[in-house]
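Thanks for making the time this morning. I would like to walk through one model with you, so please have the viewer open.

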Amino acid sequence: MKNKSSAFSLIELSIVILIIGVLIAGVTQASRLVRQSKLTTARTLTQSSAVNSIKGLVLWLEPTMENSFKSSEAVDGTTLTTWYDINPQLSIPNTFSAGTGITYKASSGINSLPAVAFADNNTSLSNTLAVPINAPFGSYTVCYVARSTNLTAENTILYNGTSGTNGFGISLTSTGATKVTYGVSSTFNFGITAAAASGNADIVCVTFDPNSVNGVPQATAAAKAYKNGGGVSSDTAKTITVSNWVDPTSGAVRVGNSTASSTTTDFIGEIAEIIIFDNALKKADRQEVEKYLSKKYGITIAQGAN
């Protein structure tokens, strides 16, 4: 009887182990299906968004499309070497090359979607061939989705040109304010703060308008910033002085740092999407971009008077 009882117990144990294995496999498969569903939805939103047809699109970096990264690098935790521009309005989109330590997040990014993760490694993604952003002599709009995880120092989202010499940059200050740097040393901060210190993601759009008359920029140019659909100080424009501007004839377009190896301005966290237009978007178009990003990344926006 002992042997039969023992044999029966082993059979029961085998059945239990089998059932547990089936359940684990089912849960794993279900999780995989949920992730794939979110990814498919994000791709559909991207492909059908108004961004594709809004005039003047010059750069579109995003993390969900199959042609955004090399297939071999679109694996969780893999070090990235490139981030491809998906701009459908360019015959040859831009390619951004990555420095060391920039990695791909498969499903733990903003809204459980892929993202590009930047560590405190003093590096950036760069492209020396990207269309220079010639604000304030030309109109531009820059929209991005990012989540900083460390604001003990300035976090650079984007810089076009050579830092401290020419061009312009957008960053978060140590207090989370949106900061625009242009020319040799001219800077101003917008009165909006990204809740980045707590690791929250935000949609930010910055517009430049040179106030040109017959193509000639006037004494000042206006810039406005919007966080999650809301404007700065009731939509009051910051005024930037055109004479301080230095055309970015040298340098690169960098994502995640202002220079190739800055130790004080590198972004720490995740950058999900960057969209740039060569015009100051009209309210309706800017709101279309914000609505698309809101749906995709699950970020609530205020679509009011701004």
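This is a predicted model: local features need pLDDT of at least 70, side-chain atom pairs count only at pLDDT 80 or more; totals for chains, interfaces and linings use all residues.

Residues are numbered from 1 along each chain as its sequence is written, and side-chain values use heavy atoms, with hydrogens and water left out.

Of its 9 residues, 9 are buried, so β7 is largely enclosed by the rest of the structure; buried here means under 20% relative accessible area, with a 1.4 Å probe and protein chains only. Tyr 140, Val 142, Tyr 144, Ala 146 and Ser 148 point one way from the strand, and Thr 141, Cys 143, Val 145 and Arg 147 point the other way. In a regular strand, side chains alternate between the two faces of the sheet.

What does β7 pair with, given that pairing requires at least two DSSP bridges between two strands? It runs antiparallel to β12, residues 202-209, over 7 bridges, with Cys 143 bridged to Cys 205. It also runs antiparallel to β17, residues 269-277, through 8 bridges, and there Val 142 has Ile 276 as its bridge partner.

Ile 276 returns in the largest nonpolar core, which has 42 residues and in which Leu 158, Phe 168, Val 255 and Ile 276 have the most contacts. β7 gives the most to this core, with 4 residues. A core is a set of buried Ala, Val, Leu, Ile, Met, Phe, Trp, Tyr and Cys residues joined through side-chain atoms within 4.5 Å. Apart from it lies another core of 25 residues, among them Ile 54 and Tyr 226.

Turning to the rings, there are 5 aromatic pairs, counted when the centres of Phe, Tyr or Trp rings (six-membered for Trp) lie within 6.5 Å, with planes under 30 degrees apart called stacked, over 60 edge-to-face and the rest tilted. Phe 69 and Trp 83 have centres 5.8 Å apart and planes at 20 degrees, so they are stacked. Phe 69 and Tyr 104, by contrast, are edge-to-face, at 5.3 Å and 75 degrees, and they link parts of the chain 35 residues apart.

Key:
Buried means under 20% relative accessible area, exposed over 50%, partly exposed in between (1.4 Å probe, protein chains only). Two strands pair if DSSP finds at least two bridges between them.
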